[in-house]
Amino acid sequence: MNKYYNEVSDTIKAIVNNGFELIKVDYERGFGEDEGHDYIDCRAGNIAKATEAILAVDESHLFIKTPSGDEVWVYFVLGNGLGEGVNDWVMPDDLNERAALEAAISEVSDKYMEMEV
């Protein structure tokens with residue numbers, strides 16, 4: 001099993017549990033054109049499919065839809081230490097959505113950083 005499996009899966013679950021919807025895992029920073037090669041469609045909310053797609057490469061963008069309908073992304077870089085799988089993300093415009101996304105990512109990150117010690 002990939003050493004990042006649990007962290008990636010838990011992060012995606014936390015994001016979904018905070019009201020965000022999965023759109024796609026993109027390997028081309030949002031410009032992927034070939035489904036299955038440049039990006040993996042995850043609109044059905046398939047956490048396992050999104051997790052597998054992120055784990056298939058060293059870095060990828062998980063595009064998500066906010067409760068208000070905006071599209072933002074979360075950038076995963078595998079190869080960092082535990083708790084550092086999420087390298088960056090775009091903040092939603094809505095302040096409550098910002099707080100929810102920040103909380104989802106931070107909660108999982110903190111959990112895995114403590115395990116690394």
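Colleague: Which residue stands opposite Val86 in S5?
Modeller: In this predicted model, that residue is Phe76.

Colleague: What makes S4 and S5 a pair?
Modeller: Pairing takes at least two bridges between two strands. Three bridges join strand S4 (residues 71-77) to S5, so the two count as paired. They run antiparallel.

Colleague: In what order do the five strands form the open sheet?
Modeller: The order is S2-S1-S3-S4-S5, with antiparallel pairing.

Colleague: Why are strand S2 and strand S5 called edge strands?
Modeller: Strand S2 (39-41) and strand S5 (86-89) each pair on one side only. Neighbouring strands of the sheet are turned by 25° against each other on average, direction ignored.

Colleague: How do you know how helix H1 runs relative to S4?
Modeller: The angle between H1 (residues 5-17) and S4 is about 165°.

Colleague: What makes Leu62, Ile64 and Val74 stand out in the largest nonpolar core?
Modeller: They have the most contacts inside this core of 28 residues. Elements giving two or more residues to the core include H1, S1 and helix H3 (95-116). The largest share, six residues, comes from H3.

Terms used. Residues numbered from 1 in each chain as written. Predicted model: local features only at pLDDT ≥ 70, side-chain atom pairs only at ≥ 80, totals over all residues. Heavy atoms only, no water. Helix = DSSP H or I, 4+ residues; strand = E, 2+ residues; numbered from the N terminus. Axes fitted to C-alpha atoms, helices over the stretch in contact; angles between N-to-C directions. Contact = heavy atoms within 4.5 Å. Core = buried A, V, L, I, M, F, W, Y, C linked by side-chain atoms within 4.5 Å. Buried < 20%, exposed > 50% of the residue type's maximum accessible area, 1.4 Å probe, protein only.
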